Amino acid sequence: MAPETDPEQDPRWDAVRAAARRRVPTPPGLVERVLRAVARGRRTALDVPGEAGSLRVTEQVVVRLAATIAAARAPDGVRISAVAVEEDVVQVLVSVRFGVAADEAAETLRREITAELSRQLGVTTAVNVHVVDVHPG
């Protein structure tokens with residue numbers, strides 16, 4: 001078996017390194033929608049059913065809980081940029097380190113946040129994780 005080549009030194013990775021130096025465009029309007037959702041989060045609430053009745057939890061609490069979970073569960077090389085609730089879906093914006101499999105890291109983080117929010121709130125909450133940037137190691 002041949003030794004694994006370091007991507008930082010391998011010339012076959014030149015195109016990937018060049019792409020990593022360019023800013024990854026975010027989907028049109030996503031940042032603005034997330035920022036509006038952050039501001040709106042102070043005013044809206046989520047009803048969480050419980051044994052003694054339902055509990056009203058503000059979106060701001062859901063955002064903080066999701067951000068805390070995201071920070072604790074983010075795979076190596078993933079940085080959390082922003083978290084908001086938009087149309088009852090937790091939106092997490094992340095950047096990934098050059099060389100990290102972005103799709104795999106985003107899906108792993110999405111599953112982790114979804115499971116922990118469900119465990120802590122007792123309700124299933126939809127979560128989307130968006131890779132919006134690539135950063136150097």
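A: Arg119 is exposed, because its relative accessible area of 60% is over the 50% cut-off for that class. This value comes from a predicted model. Arg119 is found in helix 4, and its side chain makes a polar contact of 2.6 Å with the side chain of Glu116.

Glu116 also has its place in helix 4, which covers residues 102–121. In contrast to the exposed Arg119, Glu116 counts as buried, because its relative accessibility of 9% is under the 20% cut-off. As a general point, an α-helix has 3.6 residues a turn, so residues three or four places apart point the same way. Apart from neighbours within four places in sequence, Glu116 is in contact with Ile69 and Arg73. Helix 3 spans residues 59–73.

Helix 4 has 20 residues, and from its first C-alpha to its last it reaches 28 Å. That is close to the 28 Å expected at 1.5 Å a residue. Glu116 is one of its buried residues, a list that also has Ala105, Ala106, Leu109, Ile113, Thr114, Leu117 and Leu121. After helix 4 comes Gly122, with a positive phi near 80°.

Helix 4 lies across strand 3, strand 4 and strand 5, and runs at about 145° to strand 5. These strands form an open sheet of 3 strands in the order 3-4-5, with mixed pairing. Strand 3 (78–86) and strand 5 are the edge strands, each pairing on one side only. On average, neighbouring strands of this sheet are turned by 20° against each other, direction ignored. Helix 3 packs on the sheet as well, where it touches strand 3 and strand 4. The direction of helix 3 makes about 160° with that of strand 3.

Within the sheet, strand 4 (residues 89–97) and strand 5 run parallel and are joined by 9 bridges. The chain gets from strand 4 to strand 5 by way of helix 4, in a right-handed β-α-β crossover. Two examples show how the strands line up: Val90 stands opposite Val127 in strand 5, and Gln91 stands opposite Asn128 in strand 5. In general, strands of a sheet pair through backbone hydrogen bonds, either parallel or antiparallel.

Past strand 5 (126–135), the chain continues into the segment that holds Pro136. At 66% relative accessibility, Pro136 counts as exposed. Pro136 is 40 residues from Val96 in sequence, while their C-alpha atoms are 8.5 Å apart in space. Neighbours within four places in sequence aside, Pro136 is in contact with Arg79 and Arg97.

Definitions and conventions: Residues are numbered from 1 along each chain as its sequence is written. This is a predicted model: local features need pLDDT of at least 70, side-chain atom pairs count only at pLDDT 80 or more; totals for chains, interfaces and linings use all residues. Side-chain values use heavy atoms; hydrogens and water are left out. Helices (H or I, at least four residues) and strands (E, at least two) are DSSP runs, numbered from the N terminus. Buried means under 20% relative accessible area, exposed over 50%, partly exposed in between (1.4 Å probe, protein chains only). Contact means heavy atoms within 4.5 Å. A polar contact is a pair of N or O atoms within 3.5 Å; within protein, one must be able to donate a hydrogen and the other to accept it, and residues adjacent in sequence count only if both atoms are side-chain atoms. Two strands pair if DSSP finds at least two bridges between them. A crossover is right-handed if, with the strands pointing away from the viewer, the path from the first strand over the helix to the second runs clockwise. Axes are lines fitted to C-alpha atoms, for helices over the stretch in contact, and angles run from 0 to 180 degrees between N-to-C directions. The expected span of a helix is 1.5 Å times one less than its number of residues.
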